[in-house]
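Here is a brief report on one protein model.

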Amino acid sequence: MSKINIDNTWTLFLDRDGVINELVDKGYVATYNDMIFIDKTFEALKLASGIFGRIVIVTTQRGVAKGFMTVEALNVIHDKFLERVKTEEGRIDKIYQCIDDYDSGSKYRKPEIGMALHAKEDFPEIDFSRSIMVGDFIADMQFGRNAQMYNIFVGDESILVDGKEDLTDEIFENLYGYISSLLKKEG
């Protein structure tokens, strides 16, 4: 059960790969057909839509920089995903994507908070102290901490070694597990 009280003044920041869809082993989601959604993802998004005021995805997609896909192909993937979210009665207010490679120095690449700042420009009501970051990788947790968000880690805890577990506030198996915990707290 979640440790904090959430209402519609809160924003949910979500990583994509490993939170929404399965990671591709040694590769990239280059087409919509490559997206294998994690169990109960759409149910979680539907439930989250009734809890959070804003829901945004912040995703690093270096496959574009490495030439595995174009920005246009990435946008098609995200457009089809957003259509499905809507069909499943969920909501994503916007997807922010960083297509830069590791060594680019980009302020948008996690753990830098450029995507969070861009979201706040688009939605001025976002308050990072009333925001949750859900991710499956250390850079996601660093991003959340750098923006002073509450961090939810989902997935394989074994990557949280050498003191990096201090970056997390709570750990769940998946997004649905976290959102369900919020509903249990309300009920």
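## Pocket, rings and a loop residue

The lining of the largest pocket has 12 nonpolar, seven polar and 12 charged residues. Here Ala, Val, Leu, Ile, Met, Phe, Trp, Tyr, Cys and Pro count as nonpolar, Asp, Glu, Lys and Arg as charged, and the others, Gly among them, as polar. The model is predicted: local features need pLDDT of at least 70, side-chain atom pairs count only at pLDDT 80 or more, and totals for chains, interfaces and linings use all residues. Residues are numbered from 1 along each chain as its sequence is written, and side-chain values use heavy atoms, without hydrogens and water.

A pocket is an open set of points on a 1 Å grid over the protein atoms alone, where a 1.4 Å probe fits, with protein on both sides within 12 Å along at least five of seven lines; lining residues have an atom within 4 Å of a point. Of the 31 lining residues, D15, D17, L23, D136 and F137 lie nearest the centre of the largest pocket.

Eight aromatic pairs turn up in the whole structure. F37 and F42 form an edge-to-face pair, 4.7 Å centre to centre with 65° between the planes. Rings pair if their centres lie within 6.5 Å, and planes over 60 degrees apart count as edge-to-face. Ring pairs join Y32, F37, F42 and F81 in a cluster.

T168 sits in the loop between β5 (150–154) and β6 (170–172).

| Residue | Relative accessibility |
|---|---|
| F37 | 18%, buried |
| F42 | 8%, buried |
| T168 | 13%, buried |

Conventions
Helices (H or I, at least four residues) and strands (E, at least two) are DSSP runs, numbered from the N terminus. Buried means under 20% relative accessible area, exposed over 50%, partly exposed in between (1.4 Å probe, protein chains only). Rings of Phe, Tyr and Trp (its six-membered ring) pair if their centres lie within 6.5 Å; planes under 30 degrees apart count as stacked, over 60 as edge-to-face and the rest as tilted.
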